[in-house]
Amino acid sequence: GSCPEQRIVLAVRSNAMRANLPGAKAEEWKSWIDPDSRCGVQQQIQRLINEDSSNVPRIIEVPRGQSPLVWQYEHLRQFTLELNQFVVHFDGVCTKETCPKMNATDEWHYLCAAHKRARDCCAIDYIMHTLDGTCALLNSQKWFPNRTSFPDKSSKYFRSIARRLYRIFAHAFFHHRGVFDAYENETHLCERFCHFVKHFELAPDDCFIIPTSFMIRPLHIVRSPPAPRPVYTIARAQPPPAPAPAPAQPA
């Protein structure tokens, strides 16, 4: 019989073992994909990110033969995972005292939908409620019973998920810019997310309130023109029409 080391080499050569082996180098970490696994798409996305997180077009492009809906679903799962890592950096920065409400700019104030009736939450609670709710929805056996296929109608939630996750980026950009820039320079997470949402049309352009100047590949945003103000006219009262003459009576 062969020794354990020989069996590992044989397994790798035959592509039978798909795992991070002991002693793996940094560039080899997560460099394997199991196409037969229900996590195969997730592994593929993570590999693209690990190879070059700034190559956004390559990361979000749907591979040939891959279901576009499953690709979007797995990307939303991946964004949720990374956002959970991102908000760790809010510790001691985003608190009930510093951010008592969930705001982006002065014009954008968000109510938390995690309650029976939407209401105010401090920003950090809003963010955690949003991530918890997104995790619960994406793991729902009712809407996503299988990670490799699910009913098309389940994709109706992608828009609301994208809209709410974007608010986390918006709050970080406008209120915790130092934390945002440090994480973005390393991961390009917000840039990837914005291009993903734009590419798959999960939100209208008017929802993108973060300036795109920090991006390597700025978004092409088309703002809707402001709605014209209604013009009211007052019609003058018209005199009533004159009564019609009575018909002539025969002689």
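Colleague: What is Gln-42 in contact with, leaving aside its neighbours within four places in sequence?

Modeller: Gln-42 is in contact with Glu-74, Gln-78, Leu-81 and Arg-147, where contact means heavy atoms within 4.5 Å. This is a predicted model, so local features need pLDDT of at least 70 and side-chain atom pairs count only at pLDDT 80 or more, while totals for chains, interfaces and linings use all residues. Residues are numbered from 1 along each chain as its sequence is written, and side-chain values use heavy atoms, with hydrogens and water left out.

Colleague: Where is Gln-42 found? And is Gln-42 buried or exposed?

Modeller: Gln-42 is found in helix H2; helices (H or I, at least four residues) and strands (E, at least two) are DSSP runs, numbered from the N terminus. Gln-42 is buried, with a relative accessible area of 14%. The cut-offs are under 20% relative accessible area for buried, over 50% for exposed and partly exposed in between, with a 1.4 Å probe and protein chains only.

Colleague: Which side chains does Arg-147 make polar contacts with?

Modeller: The Arg-147 side chain makes one with the side chain of Gln-42 at 3.4 Å, and one with the side chain of Glu-74 at 2.9 Å. A polar contact here is a pair of N or O atoms within 3.5 Å; within protein, one must be able to donate a hydrogen and the other to accept it, and residues adjacent in sequence count only if both atoms are side-chain atoms.

Colleague: What about the place of Arg-147?

Modeller: Arg-147 sits in the loop between H5 and H6. At a relative accessible area of 9%, Arg-147 is buried.

Colleague: Is Trp-143 buried or exposed?

Modeller: Trp-143 counts as buried, at 15% relative accessibility, and its place is also the loop between H5 and H6. Not counting residues up to four places away in sequence, Trp-143 touches Leu-137, Phe-150, Pro-151, Lys-153, Ser-154, Lys-156 and Tyr-157. Ser-154 is eleven residues along the chain from Trp-143, and their C-alpha atoms are separated by 5.4 Å.

Colleague: Moving to rings: how many aromatic pairs does a search of the whole structure find?

Modeller: That search finds 20 aromatic pairs. Phe-150 and Phe-158 form one that is edge-to-face, at 6.4 Å centre to centre and 80° between the planes. Rings of Phe, Tyr and Trp (its six-membered ring) pair if their centres lie within 6.5 Å; planes under 30 degrees apart count as stacked, over 60 as edge-to-face and the rest as tilted. Phe-150 is buried with a relative accessible area of 11%, and Phe-158 is buried with 2%.

Colleague: Which residues touch the most other members of the largest nonpolar core?

Modeller: Phe-86 and Phe-90, out of the 61 residues in that core. Elements giving two or more residues to this core are helix H2 (40-51), helix H3 (56-60), H4, H5, H6, helix H7 (177-187) and helix H8 (189-199). H6 provides the largest share, ten residues. For the record, a nonpolar core is a set of buried Ala, Val, Leu, Ile, Met, Phe, Trp, Tyr and Cys residues joined through side-chain atoms within 4.5 Å.

Colleague: Which residues does Phe-86 touch, not counting residues up to four places away in sequence?

Modeller: Ala-172, Val-179, Phe-180, Tyr-183 and Leu-189. Phe-86 is also part of one aromatic cluster, whose members include Phe-90, Phe-169 and Tyr-183.

Colleague: How many of the residues of H6 are buried?

Modeller: H6 is mostly covered, with 13 of its 18 residues buried.

Colleague: And which residues of H5 are buried?

Modeller: Among them are Ala-123, Ile-127, Leu-131 and Leu-138. Seen down the axis of H5, its buried residues fall within an arc of 165° (taken from the directions from the helix axis to the C-beta atoms), so they line one face of the helix. What covers them includes helix H4 (68-86), strand E1 (102-103), strand E2 (109-110) and helix H6 (158-175).

Colleague: Last topic, backbone: what is phi of His-188 near?

Modeller: Phi of His-188 is near 60°, a positive value in a residue other than glycine. His-188 is found in the loop between H7 and H8 and counts as buried at 14% relative accessibility. Glu-201, in the segment after H8, has a positive phi of about 55° although it is not a glycine. Glu-201 counts as exposed, at 58% relative accessibility.
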